[in-house]
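Me: I'm new to this and would like to learn how to read pockets, cavities and surface patches. Could you walk me through them?

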Amino acid sequence: MRDRHPDQYHAIPLLGGVIVALLSGLICGAEPGPVPVERPVVVSVQGVYLGPADFSRGGQVSLWEGDLGVDLPLSPTTGTMGRLSFHSDVMEVDTRGAVGRMADLELDPLLTTTVGYLLAIPGTDGWSSFFRGGISDSGESGAPAEDSLLYNGMGGAEYAINQKLSIQMSLLATTRLEEDPLVLPLVGFRWRPAPAWLVATEGAGLKITGPLQRDLQFTVNAGWMTRAWRLDDDAPTPQGILAMEAIRFETGLRWKCGKAWQFETRIGWEPSRTYHLLDEEGQSSGIRTSDGAPLAVLSATYPF
C-alpha cells in the first residue's frame, strides 16, 4: 500500500459513527412526511471534490468521492411506503506534502457499503410514523470487514400541524467504530411556505429548496458532517480508525430533464475539516485540522 501517494463525523468524541448514517441520508432527513405515492426503482450517482486545503503544520489534503445508489420499492402492505436502498461509496484521500503523522497516512481507497430500509405508515389526525434501519461496512479497502460494521435504527413520528408545517420526533440508536453504542433523541421539521418551496432539517443540518423555472430549482444546504473508517494493518495505527468532521455550506441548481432524469450541481465551502486518528481501542492517536477549502458536487438520478 505504501508505494503510492495518493473527511460524517477533541472534546465531543465523535458523535461520529452516528452520523455516518445521519448524513448519508440513511437515518434522518427531510423525509419522511405524509406517506407518498409509491416511487419506482431509482438509480443515483454522485461525485464530490474537496480541496486542496492546507494543513496548519505543512502540506495539503484533497478528497475525491464517488457514490452509486439504488433505491427499490418494498412496501409490506397496501397504504404503507417501504424503500430498500443500497449505496456504495469510495473516497480517495491525498495528503501529499503533509508532515508528521499525516505524512504516513497514504491510504488505500476508503470504502463504505450501506444497506438500509425505510418504512412510513400513515396515521390519523395528522400523525404518521416511520422506521429506519441499516447496516454499513466502512473501512479502508484492506481492513477486516467484521471490524468495520455499523448497525443503526430509528423510530419516530411526524405530526402535521397544518398543510404547510410538520414536526418530527424520533429516537436513534447506532453502534460506532470508535466507541460504545449511542442512543440519541432527534427533533426536526418540514415547512412549505409556498408551493414548490421547502425548508427542512436534514440530518445534522438544514436545507432550503425553491423554484427558479418550471423544471429548475435552487438549493441551499448547511450542516455538520462526520465520517469514520476502519484502517488496515499497514496504517500508522494498525486496524485503528480515521474519522473526519466538518461544517459544510453549499448552494446549487437542480434540473429535471424530461420525465425521468434529474441533475444537480452544487458548489460550496468548508471553513475547516478535522482529521482524527484513533487506535484500535478508540483512543486518540493524533488530531490534524486543515484550512478552509472549496468543494464541487455533481449528481444524477434516474427512475425506472
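This is a predicted model: local features need pLDDT of at least 70, side-chain atom pairs count only at pLDDT 80 or more; totals for chains, interfaces and linings use all residues.

Me: How much space lies in the second largest pocket, and which residues line it?

Reply: A pocket is read by its volume and by the residues around it. Here the second largest pocket holds about 200 Å³ of space. Its lining is made of R214, D215, L216, Q217, R254, W255, K256 and Q262.

Me: What about the largest cavity: how much space does it have, and which residues are closest to its centre?

Reply: The largest cavity has about 60 Å³ of space. It is lined by 14 residues, and L50, A53, Y275, S290 and A293 are the closest to the centre. Elements giving two or more residues to this lining are β1 (42–54), β2 (60–73) and β14 (273–278). The lining comprises six nonpolar, five polar and three charged residues.

Me: Which residues form the nonpolar patch on the surface, and why does V187 count as exposed?

Reply: The patch consists of W127, M169 and V187, which together have about 320 Å² of accessible area. V187 sits in strand β8 (residues 182–191). V187 counts as exposed because its relative accessibility is 73%, and the cut-off for exposed is over 50%.

Definitions and conventions
Residues are numbered from 1 along each chain as its sequence is written. Side-chain values use heavy atoms; hydrogens and water are left out. On a 1 Å grid over the protein atoms alone, a cavity is a set of points where a 1.4 Å probe fits but cannot get out, and a pocket is an open set with protein on both sides within 12 Å along at least five of seven lines; lining residues have an atom within 4 Å of a point. Grid points are joined across faces, edges and corners, and a volume is the space filled by probe spheres set on the points. Patches are made of residues with over 30% relative accessible area and no salt bridge: like charges are joined within 9 Å, nonpolar side chains (Val, Leu, Ile, Met, Phe, Trp, Tyr) within 5 Å. Accessible areas come from the Shrake-Rupley method with a 1.4 Å probe; for residues, only the protein chains shown count as cover. A salt bridge is a side-chain nitrogen of Lys or Arg within 4 Å of a carboxyl oxygen of Asp or Glu. Helices (H or I, at least four residues) and strands (E, at least two) are DSSP runs, numbered from the N terminus. Buried means under 20% relative accessible area, exposed over 50%, partly exposed in between (1.4 Å probe, protein chains only). Ala, Val, Leu, Ile, Met, Phe, Trp, Tyr, Cys and Pro count as nonpolar, Asp, Glu, Lys and Arg as charged, and the others, Gly among them, as polar.
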